[in-house]
Amino acid sequence: MIKLDNIDKRFNPGTINEVYSLRDISIEIREGEFVTVIGTNGSGKSTLLNAITGSILPDSGKIIIAGKEVTHKRDFQRAKYISRVFQNPFMGTAPDMSIAENLLLALLRGGKHYPRISLNADLMAYFKKEVTQLEMQLEDRLDNMIGTLSGGQRQAVSLLMAVIKEPKVLLLDEHTAALDPKSASQVIKLTKMFIERARLTTLMVTHSMQQALDLGTRMIMMHKGQIIDDIPANEKARLTVDDLLNKFADIRKKERLTEDVVEQLRREYV
Amino acid sequence: MELWIGAINLGFLYAFMAMGVFITFRINDFPDITVDGSFTSGAAITAVLLVSGFNPVLAVIASFFVGAISGGMTALIHTRFKINGLLAGILVMTGLYSINLHIMGRSNIPLLNTPGVISCIKGINPGLHDEIWLCLIFALMIAVFWIIISTFFKTDLGVTMRATGNNPTMAGALGVNVNAMKIFGISLSNGMVGISGSLVAQYQGFADIGMGIGVIVFSLASVIIGESVLKMRSIYAKFLSAVIGSVIFRLMVALALYVGLNPIDLKLITAVFVLIVLVAPKIISRKSPKITKPAGKFFTFVTGKRFFAGLFIIALIAGIAIFGYKGIKSRMSAPEKVIRIGVVQFSDHSLLNITRDSFIAEMEKLGYENGKNSFISLENANGDIPTVTTIIDKFHRDQDIIVTISTACTQAAINKIKDRPIVFATVANPFIIGAGKSDNDHLPNVTGVYGAAPVDKLLEVVRQILPGKLKIGAIWDPSQANSVFNAAQLKELISKSGNISLVGATVTNSSEVYQAAVSLVNKGINAFVLVPDNIVYSAFEAVVKAASTKKIPIFINDVERLKDGALAAYGYDYTLSGIQAARLVDRIIKGENPSHIPFEKYSKATFDINMNVAKNLGITIPPDLIAKATVIHDDLKKGVPAKPKKLALFLFSDHKTVEIVAKGVIDELKRSGVLDKYNITVDIKNAQNDFGMAHSVAQDIVRQQYDYIITLSTPVLQVTANVNKKIPHIFGFVTDPFRLGIAKDPYHHQENITGVATFEPVESAIKAMRQLFPKAKRIGIIWNPAEACSEACTYKARDVAKKYKFELLEATVSNSAEINNALMSLLNKKIDIFLTSGDNTVNLSVEMIADILKKYKIPYFTNSPEDIDRGAFVSIGTDFYDIGTETAKMAERVINGEKPKDVPIKEFIPEKIAINLSLAKFYGIKVPEEFLKKAAIVKK
């Protein structure tokens with residue numbers, strides 16, 4: 001479903017602030033896979049997601065989604081296939097519009113926006129049914145402004161908005177990181193439910209190693225713009241959080257002996 | 001009543017724009033300044049199409065598209081080039097100014113008799129009053145439009161637009177092309193603004209390049225006011241609130257005029273009103289929890305319902321304003337038989353001021369005394385077109401005759417007012433604005449004085465003085481209809497003559513004139529021909545400076561500027577404009593119907609030559625031309641020094657007493673012959689009772705390098721002394737120059753200043769008190785510490801009182817309302833005599849004070865002899881005319897050669913004693929003979 005070929009991205013190339021965010025990334029995610037992504041800080045996780053959504057365009061390489069090449073398409077053009085939940089619960093919804101209106105917009109994702117009134121009684125009933133799933137007593141408040149909802153409620157609505165029109169790819173960008181534990185666990189519960197029900201192809205970036213192990217069918221570890229480990233389901237099931245931490249520690253140790261340092265030693269001592 | 005309906009109508013027409021601004025400002029979250037330009041574009045396109053005969057509805061639709069394109073430009077610049085929204089709007093708005101001028105072809109297109117949407121609507125009027133019918137139709141139009149636009153924002157597309165404005169990131173992630181949505185929204189909004197412009201132009205009867213300036217402010221104010229009034233959340237309510245806000249705003253403007261506020265203050269009042277509307281609900285709701293009394297309960301109930309809160313505030317303000325107005329009006333009501341004349345001028349330009357002043361002077365000569373048998377209201381639009389319309393509306397309410405000075409005012413008046421006489425003055429061409437077809441065939445209620453500048457005659461003069469091949473330079477402002485008309489005339493005349501060519505330069509403000517003139521000089525012109533133009537006129541010296549480098553002669557139509565460096569002038573004396581207009585008004589008051597009075601052209605043209613300039617430039621004037629000249633400036637002819645001199649006589653205000661002093665000055669100067677001997681012209685300057693203005697005038701006097709300055713009264717002495725350190729300056733009618741820091745004593749003073757100090761005869765007054773009331777002990781005095789003169793007098797009084805063994809009891813006030821209390825407090829302290837000395841605040845209440853004092857049998861002494869008629873017992877004042885004479889005599893010493901630093905300041909107190917003998921018996925005293933002999937006025 002998602003295929004990245006040799007994707008390269010540098011920010012501020014040639015200047016003192018240059019950051020080599022994605023180094024020659026190649027990966028293929030098949031339909032129905034639920035991939036979790038973990039990595040060190042600055043490893044390029046969010047950049048990877050942004051490259052897939054089209055928020056940033058790569059310097060070189062190809063991106064193919066659902067069989068179509070989208071490398072040079074802008075974010076709103078790719079929205080047909082992709083839906084996304086942001087880390088910030090305030091970014092995914094329009095605060096001065098009602099829950100119903102936000103859901104309508106989500107329903108229209110990627111399609112044409114015509115000057116016709118779709119928001120009728122039938123649609124409202126449908127929305128009510130969907131919102132009831134969230135278990136947050138929002139189903140009677142469909143005409144309230146989103147701005148009156150708490151962060152947890154908004155994020156739950158954002159999640160619903162992401163799946164109400166089934167996307168080819170669902171991208172979750174640390175979407176529970178800014179929530180309190182109770183809301184976070186509710187949102188994770190909903191996430192699991194939605195993904196399993198529709199077998200959505202999902203890519204979820206997370207800082208929580210526990211989440212990365214508990215959820216999903218595949219896990220990717222990233223470090224300094226590269227994918228350093230790609231763990232399939234069966235192996236993942238056997239791993240613990242400590243194992244993951246050890247893996248990271250190993251890398252750091254190896255880091256001390258980078259290519260340059262090796263070259264230097266070779267020159268000096270050989 | 002027309003005032004209110006007219007306001008509501010304008011409110012409806014501007015509501016299209018308010019709704020448009022609501023879309024950009026609230027829905028798109030984009031501050032859009034483009035509207036100042038797109039509003040005018042809408043008006044411009046409609047005007048041009050209507051005049052060419054197009055269907056009015058098509059014209060309005062065209063205006064929508066023109067507006068939409070303008071908005072699209074702004075949005076494109078913003079989204080494509082990532083330029084800040086405000087800046088993008090400003091860029092487009094600025095560019096539109098030129099584009100609009102091109103569309104219109106001129107700065108103003110009259111639509112008076114052109115069929116348009118408004119006239120169509122009037123055509124199907126079933127019999128109601130025009131404005132009421134229009135009101136109903138407009139309400140219908142707005143209602144339909146409101147429903148359409150609100151419903152649009154409930155559709156998928158509309159919801160998407162709103163979401164894009166509310167959270168662009170989310171919208172982008174949901175597949176919305178954010179940039180495209182922005183462009184669509186801003187275009188739609190500006191399209192609606194264009195519709196507003198189109199309708200407003202048709203309603204007010206003309207499209208003018210300046211009509212869009214500042215409309216963004218009105219619209220934002222309307223939106224904000226609307227939101228405060230109607231707090232419901234539905235999209236229908238929000239658009240409705242914009243409409244309501246627009247109507248309320250216009251009603252507020254009308255209310256301000258109804259109450260009598262100066263149209264100049266409208267913008268300030270707008271700001272204050274919007275502030276109150278925003279702040280008041282918050283203050284009220286903050287206090288509500290603690291209120292338990294029934295009145296409070298009602299209050300909280302009303303403010304609790306959000307819908308009512310805003311309306312309640314507005315009703316409250318309106319109520320206070322109306323009561324205040326009624327209160328003021330009842331004091332100032334004039335008797336019914338008075339003729340009310342409303343005079344309006346477009347801006348504070350000298351030519352217009354000359355017309356106005358000569359109009360008023362001539363009206364007085366014809367027997368119309370302001371305040372007695374006529375009431376003349378003077379208004380000045382300060383160069384702002386919408387203000388002109390508001391002033392005309394105001395006049396329409398209660399003036400019997402309207403006098404319009406300048407083309408812009410005339411145009412607005414003849415469009416709005418059909419039921420009473422309009423007399424115009426200082427208009428170049430009344431026919432192009434639709435006042436009529438010829439002098440005799442014109443609008444029935446309109447007549448006036450006009451005259452296109454005699455450009456042809458001026459050109460003839462140029463040819464006679466400079467025969468042969470010529471390159472002529474001209475400068476003008478293309479946004480003034482008059483100037484464009486004159487410049488076109490000049491171009492036409494020149495093209496007809498074989499060997500003259502024209503090089504022109506345009507300017508948009510006075511700071512550009514110098515450069516324009518220099519550029520023309522560098523292009524090798526042989527002469528300047530300057531047609532009448534406000535901007536060139538005000539920056540004339542800049543042209544003189546540029547021309548003098550290559551000794552290029554200047555020919556002008558504005559005669560007033562001849563002595564400032566022009567070679568020859570062929571024009572009109574604008575004082576005639578005012579005089580002729582006054583005579584027309586007189587004929588109308590006496591019963592003649594304006595439709596039978598033909599337009600008059602200026603009756604006297606004047607051709608003047610400045611021989612001194614001719615000499616400097618080395619140009620000989622043909623003798624037959626000299627013979628034709630009306631006025632010749634030539635010092636050599638009279639055997640006087642080559643350079644003509646100018647003297648500025650600077651007054652602070654028009655107050656009666658100052659006028660008397662000024663008369664004394666001028667009479668003495670004339671009598672002594674110095675004016676002729678040294679070829680001095682006297683210019684009277686007036687600060688109109690305003691310090692800021694005094695400062696500007698003083699600076700202007702220095703800039704214009706006057707040779708002498710005479711100032712009358714303390715404020716102008718101070719301001720001038722600060723600004724001028726070189727020009728010889730003689731002051732008069734000043735109480736205490738030493739306290740001002742001008743001088744330490746009569747012999748040691750600022751080098752270029754000397755003059756006449758006139759202390760209030762406080763000493764004489766107190767001396768007289770002692771003489772007439774030997775047993776009295778305490779003197780009471782009320783004064784306002786903010787008045788410098790008053791302060792000086794009171795200090796003097798303290799010293800003198802001690803000398804004559806009186807105790808001085810003082811009470812201070814800051815305005816006339818406090819006088820009563822102050823007086824009572826002094827009476828309680830058992831004063832024996834009361835004194836008023838040169839205080840303006842107290843001066844207003846002399847009658848009231850005199851009445852009270854009589855009840856307590858306390859004699860009243862003042863320093864103004866007129867007070868005898870107002871109830872005072874003894875008044876020892878100064879003769880104002882004599883002060884003027886003495887000041888002039890001082891000036892003459894300086895003119896004759898003495899240096900001011902060598903002339904000591906003179907103390908001159910020409911006493912004028914007045915006494916009311918009948919009161920002497922009342923107080924039980926006998927007045928000594930020698931006192932009576934000294935008295936100038938003795939009242940029995």
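## Strand β22 and the parallel sheet of chain B

In this predicted model, strand β22 (residues 753-757) of chain B pairs with β28(B) in the parallel sense, over 2 bridges. Within that pairing, B:Ala757 has B:Glu907 of β28(B) as its bridge partner. Helix α35 (residues 880-895) of chain B packs on the sheet and touches β16, β17, β18, β19, β22 and β28 of chain B. The direction of α35(B) makes about 165 degrees with that of β19(B).

The sheet itself is open and consists of 6 strands of chain B, in the order β17-β16-β18-β19-β22-β28, with parallel pairing. Its edge strands are β17 (680-686) and β28 (906-907) of chain B, each of which pairs on one side only.

## Helix α29 of chain B

Helix α29 (residues 714-723) of chain B also lies across strands of chain B, namely β16 (645-651), β18 (708-712), β19 (729-734) and β22. The helix runs at about 155 degrees to β19(B).

How many of the 10 residues of α29(B) are buried? The count is 7, so the helix is largely enclosed by the rest of the structure. The buried positions in α29(B) are B:Thr714, B:Pro715, B:Val716, B:Leu717, B:Val719, B:Thr720 and B:Ala721.

The relative accessibility of B:Ile61 is 41%.

## Strand β3 of chain A

Strand β3 (residues 34-39) of chain A is paired with two strands of its chain. With strand β8 (residues 201-205) of chain A, β3(A) runs parallel and is joined by 4 bridges. With strand β9 (residues 218-223) of chain A, the pairing is in the parallel sense over 5 bridges. A:Val35 takes part in both pairings: it stands opposite A:Leu203 in β8(A) and opposite A:Arg218 in β9(A).

Is β3(A) largely enclosed or open to the outside? Of its 6 residues, 6 are buried, so the strand is largely enclosed by the rest of the structure. In a regular strand, side chains alternate between the two faces of the sheet. In β3(A), A:Phe34, A:Thr36 and A:Ile38 point one way, while A:Val35, A:Val37 and A:Gly39 point the other way. The residues pointing in either direction are all buried.

## Chain totals

Chain A has 270 residues, of which 49% count as buried, and contains 10 helices and 10 strands. Among its contacts between residues at least 6 apart in sequence, 68% join residues at least 24 apart. Chain A exposes about 13500 Å², with carbon and sulfur atoms supplying 49% of that area.

Chain B has 940 residues, and buried residues make up 56% of them. Its secondary structure comprises 37 helices and 30 strands. For contacts in chain B with a separation of 6 or more, residues 24 or more positions apart account for 72%. The accessible surface of chain B is about 40600 Å², and 59% of this belongs to carbon and sulfur atoms.

How values were computed
Residues are numbered from 1 along each chain as its sequence is written. Chains are lettered from A and ligands numbered from 1 in the order in which they are written. This is a predicted model: local features need pLDDT of at least 70, side-chain atom pairs count only at pLDDT 80 or more; totals for chains, interfaces and linings use all residues. Side-chain values use heavy atoms; hydrogens and water are left out. Buried means under 20% relative accessible area, exposed over 50%, partly exposed in between (1.4 Å probe, protein chains only). Contact means heavy atoms within 4.5 Å. Accessible areas come from the Shrake-Rupley method with a 1.4 Å probe; for residues, only the protein chains shown count as cover. Two strands pair if DSSP finds at least two bridges between them. Axes are lines fitted to C-alpha atoms, for helices over the stretch in contact, and angles run from 0 to 180 degrees between N-to-C directions.
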